[in-house]
Amino acid sequence: MEALGIGYRYRRQPVLQEVSFTLASGRFHALLGPNGAGKSTLFGLMTRLLALQQGELRLGERSLRRQPAAVMRHIGAVFQQNALDLDLSVSQNLLYHAALHGMSPREARLRCGEELERQRLTEHARIPVRRLNGGHRRRVEIARAMLHNPALLLLDEPTAGLDLDSRAALATHVRQLCRERQVTVLWATHLIEEIAPEDQVLVLHRGQLLADEPGDALCRRHGGISLTDTFNTLTREALA
């Protein structure tokens with residue numbers, strides 16, 4: 001996906017200002033920024049929960065503004081707030097979502113089975129989501145987001161509420177999706193420890209994109225001994 005000059009205001013207050021970037025196919029991108037940086041607003045625009053006010057979002061040759069249905073067919077999303085029906089089983093949640101994408105019952109059952117197996121959730125298929133732990137619920141959400149084989153997977157603070165082991169396992173799994181299925185990932189977080197040195201890092205602060213390059217290269221360019229040190233340097237410079 002390509003973002004070109006994205007701007008967004010809320011009650012005359014700028015939330016995003018001239019944000020531009022390109023997401024490379026099959027790569028893990030980390031959108032790093034503190035709470036309030038504009039990450040969730042950007043995700044809202046990319047998923048059409050919010051209407052574009054300024055700029056353009058494109059997926060390949062398609063414009064989200066002019067061809068929304070065609071673009072959204074290739075996007076999967078996992079939001080910070082859990083959006084599963086807790087009283088339905090894992091399979092029921094997935095089948096409902098498949099129906100929203102217009103899949104036939106046969107295709108839906110096939111795709112649900114495939115994604116549950118990939119997420120190592122087959123044995124949980126008949127269990128109500130309410131009985132799952134946080135890590136398994138996130139895996140169900142990823143399975144749901146991947147049902148229609150999207151080219152782009154958006155994850156907004158996906159480790160919120162998870163313990164350290166579950167956070168690490170989820171990050172490892174999503175990176176595996178990039179390697180094995182060539183899914184393009186944009187992972188929004190305010191937790192620097194979730195970012196690997198080789199990840200493409202987009203630093204968003206007060207609605208402005210301050211950096212867009214691999215984490216290790218970003219550190220070298222700014223002379224930081226760590227990504228945390230580099231992030232602190234960038235955000236201090238932005239305030240100067």
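Modeller: Helix α1 is followed by Arg48, a residue whose phi is positive, near 70 degrees. The model is a predicted one. The helix itself, residues 39-46, is mostly covered, with 7 of its 8 residues buried. These are Lys39, Thr41, Leu42, Phe43, Gly44, Leu45 and Met46.

I turn now to the contact between the domains. The domain assignment divides the protein chain into domain 1 (2-74 + 151-239) and domain 2 (82-149). Taken over C-alpha atoms, the centres of the two domains are 25 Å apart. At their interface, 17 residues of domain 1 are in contact with 13 residues of domain 2. The area buried between the domains is about 1100 Å², and carbon and sulfur atoms account for 58% of it. On the side of domain 1, the residues that lose the most area to domain 2 are Leu153, His173 and Arg181, which together make up 43% of what that side buries.

The polar part of this interface can be described in the same way. Across it the rule finds 1 salt bridge and 4 residue pairs in polar contact. Both β7 and α6 supply at least two residues of the side of domain 1 that touches domain 2. Of the elements on that side, α6 gives the most, with 7 residues. By class, the side comprises 12 nonpolar, 2 polar and 3 charged residues.

Arg181 has a salt-bridge partner in Glu115, and the closest N and O atoms of this pair are 3.2 Å apart. Glu115 is also bridged to Arg118, with closest N and O atoms 2.9 Å apart. Arg118 and Glu115 both belong to helix α4 (residues 105-118), where they are 3 residues apart, about one turn of the helix. An α-helix has 3.6 residues a turn, so residues three or four places apart point the same way.

Arg175 forms a salt bridge with Asp199, the closest N and O atoms being 2.4 Å apart. Arg175 lies in α6 and Asp199 in the loop between β8 (184-189) and β9 (200-205), so this pair ties together parts 24 residues apart in sequence. Both partners count as buried, Arg175 at 15% relative accessibility and Asp199 at 3%.

For comparison, Glu213 and Arg221 also form a salt bridge, with 2.5 Å between the closest N and O atoms. Here Glu213 counts as buried at 15% relative accessibility, while Arg221 counts as exposed at 53%. Elsewhere, salt bridges that share partners join Arg111, Glu114, Glu115, Arg118 and Arg181 into one network. The structure as a whole holds 13 salt bridges.

One last point concerns the loop between β7 (152-156) and α6 (164-181), where Gly161 lies. Gly161 is exposed, at a relative accessible area of 84%. Gly161 and Gly135 are 26 residues apart in sequence, with 9.0 Å between their C-alpha atoms.

Note on methods:
Residues are numbered from 1 along each chain as its sequence is written. This is a predicted model: local features need pLDDT of at least 70, side-chain atom pairs count only at pLDDT 80 or more; totals for chains, interfaces and linings use all residues. Side-chain values use heavy atoms; hydrogens and water are left out. Buried means under 20% relative accessible area, exposed over 50%, partly exposed in between (1.4 Å probe, protein chains only). Helices (H or I, at least four residues) and strands (E, at least two) are DSSP runs, numbered from the N terminus. Domain bounds come from an automatic or database domain assignment. Contact means heavy atoms within 4.5 Å. Buried area is the accessible area (1.4 Å probe) that two parts lose on being put together, summed over both. A salt bridge is a side-chain nitrogen of Lys or Arg within 4 Å of a carboxyl oxygen of Asp or Glu. A polar contact is a pair of N or O atoms within 3.5 Å; within protein, one must be able to donate a hydrogen and the other to accept it, and residues adjacent in sequence count only if both atoms are side-chain atoms. Ala, Val, Leu, Ile, Met, Phe, Trp, Tyr, Cys and Pro count as nonpolar, Asp, Glu, Lys and Arg as charged, and the others, Gly among them, as polar.
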